[in-house]
Amino acid sequence: MTKTLKAAFLGAGYIAKIHSKNLLKLTGIEISSVCDIERERAENLVSSIGSNSIKIYTDFEKMLNECNFDMLFICLPPFAHSGQLEAAVEKGVHVFIEKPIALDVNRARNMVEAVKKAGVVSQVGYHMRFGEAVKKLKNLIDCGIAGIPVLFDGRYECNSLHSSWWRDYTKSGGQVFEQAIHLYDLSMYFLSEPESICGFTTNLCHKDVSDYTVEDNSVSIVKFKTGALGNIAATNCAVPMEWNGIFTVVCKNITAHFKDANNAEFIYTSRDDVERENVTSSTDMYFEEVKAFVQAVRGDGPALCTIEEGYKSLCMVDAVVKSSGQGGKVVKLSF
Ligand SMILES: NC(=O)c1ccc[n+]([C@@H]2O[C@H](COP(=O)([O-])OP(=O)(O)OC[C@H]3O[C@@H](n4cnc5c(N)ncnc54)[C@H](O)[C@@H]3O)[C@@H](O)[C@H]2O)c1
């Protein structure tokens, strides 16, 4: 019989609602407790789940001391990480953590070390890795059919003021940390570890919004260890109410144009005739990532997208912002 796994949530906002809903679609799961510094938000999450046995906390330490849970879903904004993950893993709790895993790379490194020392399962919320088209290209690269990946060309576009913490540079790190990081993660996933990065960030459309201190435009060039190259741009000056992450990956034998992580045109270039294939899917990537995490916790599947990888993508976006602050100087990365 499947053992019941107990889960707790830290941070009860937008993404916590999605993860809790998906988690409860799986068998053998119980949500034991929810913690948010704003009690009302924790109460809202619990009422959306529709259970009256879930304990509500505003103090994480108290929740950790009083409740037994196997898994913690950390759904905090980037600025709010202050040792909660480290305390949880020390107790043997497996962690699913939203991206970016921190604002500061030194804190993130400590988090990685804590997970390694504890030997627990960790997973970072890079749901785009679970898109069908992304999975297909990754398999074709890993088995050698795609040939060497040479170029990643990605663009993230939206136009929204987002929440107050999101538009505060000291709390979110900006659009590069909050959104484009998905593309930085994918570039590394497909191409290899990054070696150096240079970039620029600007604010052109939100100068009149007094508390908007993040960039609304960014662009970077990445050199990967294999010699592959990438360019990634993001803007918050595009079409209102649309959030689009599009990217092209060029490999020696396949060029793939992604409309999103589920849908892409694959063009096979090594055959006598160039062949085109449309890959389409409506897979719920948020459900798939949570399912994969639970499987890894049960020992029924590999640990995917671990905190170590969350650390590397954080280093990439941190380097973009650092480079921009130094007039576009190349920043070397070593992990
Ligand atoms: N993977 C994705 O597609 C995706 C989508 C949305 C959000 N996210 C990520 O999830 C994280 C949270 O985003 P969100 O949209 O859910 O934000 P949100 O503002 O809706 O929710 C965050 C919650 O955390 C709570 N909080 C803040 N500091 C806290 C603390 N110290 N202790 C306990 N609770 C605290 C807030 O009160 C709030 O309820 C962000 O890092 C964001 O990038 C990822």
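Trainee: How far apart are the axes of α1 and helix α2, and at what angle do they cross?
Mentor: This is a predicted model, in which local features need pLDDT of at least 70, side-chain atom pairs count only at pLDDT 80 or more, and totals for chains, interfaces and linings use all residues. Residues are numbered from 1 along each chain as its sequence is written. The axes of α1 and helix α2 (residues 39–49) come within 10 Å, and they cross at roughly 25°. Axes are lines fitted to C-alpha atoms, for helices over the stretch in contact, with angles from 0 to 180 degrees between N-to-C directions.

Trainee: Why is α1 called roughly parallel to α2?
Mentor: Angles under 35 degrees count as roughly parallel, over 145 as roughly antiparallel, 65 to 115 as roughly perpendicular and the rest as oblique. The crossing of roughly 25° therefore makes α1 roughly parallel to α2. Both are helices as DSSP runs (H or I, at least four residues), whereas strands are runs of E with at least two; numbering starts at the N terminus.

Trainee: In which hand does α1 pass α2?
Mentor: The crossing is right-handed. That term applies if the near helix is turned clockwise from the far one by less than a right angle, and left-handed if anticlockwise.

Trainee: Which residues of α1 and α2 meet?
Mentor: A16, K17 and S20 in α1 meet L45, S48 and I49 in α2; contact requires C-beta atoms, placed from the backbone, within 7 Å. The residues of this contact divide into three nonpolar, two polar and one charged. In this scheme Ala, Val, Leu, Ile, Met, Phe, Trp, Tyr, Cys and Pro are nonpolar, Asp, Glu, Lys and Arg charged, and the others, Gly among them, polar.

Trainee: What does α1 give to the shell around the ligand?
Mentor: Helix α1 (residues 14–23) gives the most, with three residues. A residue is near if its C-beta atom, placed from the backbone, lies within 6 Å of the molecule or strand in question. Of the 24 residues around the ligand, G11, G13, Y14, A80 and E98 come nearest. By class, the shell has 13 nonpolar, five polar and six charged residues.

Trainee: What makes β3 and β6 edge strands?
Mentor: Six strands form an open sheet with parallel pairing, in the order β3-β2-β1-β4-β5-β6. Two strands pair if DSSP finds at least two bridges between them. β3 (55–57) and β6 (122–124) each have a single partner strand, so one side of each is left without a neighbour in the sheet. On average, neighbouring strands of this sheet are turned by 20° against each other, direction ignored.

Trainee: How do you know that β1 and β2 pair?
Mentor: Six bridges join β1 (residues 5–10) to β2 (residues 29–35), and the two run parallel. Within this pair, L5 has I29 as its bridge partner in β2.

Trainee: In what order do the strands of the mixed sheet stand?
Mentor: The order of its nine strands is β14-β13-β12-β11-β7-β10-β9-β8-β15, and this sheet is open. Its edge strands, β14 (275–279) and β15, pair on one side only. Helix α10 (residues 307–325) packs on the sheet, touching β8, β9 and β15, and its direction makes about 55° with that of β8.

Trainee: Over how many bridges does β8 pair with β9, and over how many with β15?
Mentor: β8 (residues 194–202) pairs with β9 (residues 217–224) over eight bridges in the antiparallel sense, and I197 stands opposite V222 in β9. With β15 (residues 331–332), β8 has two bridges, also antiparallel. There, S196 stands opposite K332.

Trainee: Why are α5 and α10 called roughly antiparallel?
Mentor: Their axes are 9 Å apart and the packing angle is about 170°, and α5 and α10 are therefore roughly antiparallel to each other. On the α5 side the contact includes V105, A108 and R109; on the α10 side it includes I307, E308 and Y311. By class, this contact has nine nonpolar, no polar and three charged residues.

Trainee: What is the geometry of the peptide bond from K99 to P100?
Mentor: That bond is cis, with omega near -20°. P100 lies in the loop between β5 (94–97) and α5 (105–118). Most peptide bonds are trans, and most residues other than glycine have a negative phi. H162, in the loop between β7 (149–157) and α7 (169–172), has a positive phi near 55°.

Methods:
Two residues are in contact if their C-beta atoms, placed from the backbone, lie within 7 Å.
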